[in-house]
Amino acid sequence: MTQAGCAKSAIKAAAKAPKAEAVTLAEQALKGKAWLPALLSPIDSESGVDAAPRETAA
């Protein structure tokens, strides 16, 4: 939620809530934000560079 730019009050509320309620609060706070975790976002929107780390064969 921090990376997505959610309000600190929403983050604190979700952190203190029971799991099911925290999920609902997070869903509401993230609604309308065009954000994905780095693993799901293959290209960094600002630099255009592949943002997902990849393992390389040794």
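A residue is called buried when under 20% of its relative accessible area is left uncovered, and exposed when that value is over 50%. In this predicted model, buried residues make up 14% of the 58 residues in the chain. The secondary structure consists of two helices and zero strands.

**The helix α2**

The buried residues of α2 are Ala22, Ala26 and Ala29. Seen down the helix axis, the buried residues of α2 fall within an arc of 65 degrees, so they line one face of the helix. An α-helix has 3.6 residues a turn, so residues three or four places apart point the same way. The buried residues of α2 pack against α1 (8-16). On the face turned away from this buried side, α2 carries the exposed residues Ala20, Val23, Glu27 and Gln28.

The 12 residues of α2 should span 16 Å at 1.5 Å a residue, and the end C-alpha atoms are 16 Å apart, which agrees. Just after α2, Gly32 takes a positive phi of about 85 degrees.

**The surface and the contacts**

Leu40 lies in the segment after α2 (19-30). Leu40 counts as exposed because its relative accessibility is 58%, above the cut-off of 50%. Together, Leu36, Leu39 and Leu40 make a nonpolar surface patch of about 350 Å². The table lists areas for the patch and for the chain.

| Item | Area |
|---|---|
| Nonpolar patch of Leu36, Leu39 and Leu40 | about 350 Å² |

Among the contacts in the chain with a separation of 6 or more, 32% are between residues 24 or more positions apart.

Terms used:
Residues numbered from 1 in each chain as written. Predicted model: local features only at pLDDT ≥ 70, side-chain atom pairs only at ≥ 80, totals over all residues. Heavy atoms only, no water. Patch = residues over 30% accessible without salt bridge, like charges linked within 9 Å, V, L, I, M, F, W, Y side chains within 5 Å. Areas by Shrake-Rupley, 256 points an atom, 1.4 Å probe, with all protein chains shown as cover. Salt bridge = Lys/Arg side-chain N within 4 Å of Asp/Glu carboxyl O. Helix = DSSP H or I, 4+ residues; strand = E, 2+ residues; numbered from the N terminus. Buried < 20%, exposed > 50% of the residue type's maximum accessible area, 1.4 Å probe, protein only. Contact = heavy atoms within 4.5 Å. Expected span 1.5 Å × (residues − 1). Arc of directions from axis to C-beta.
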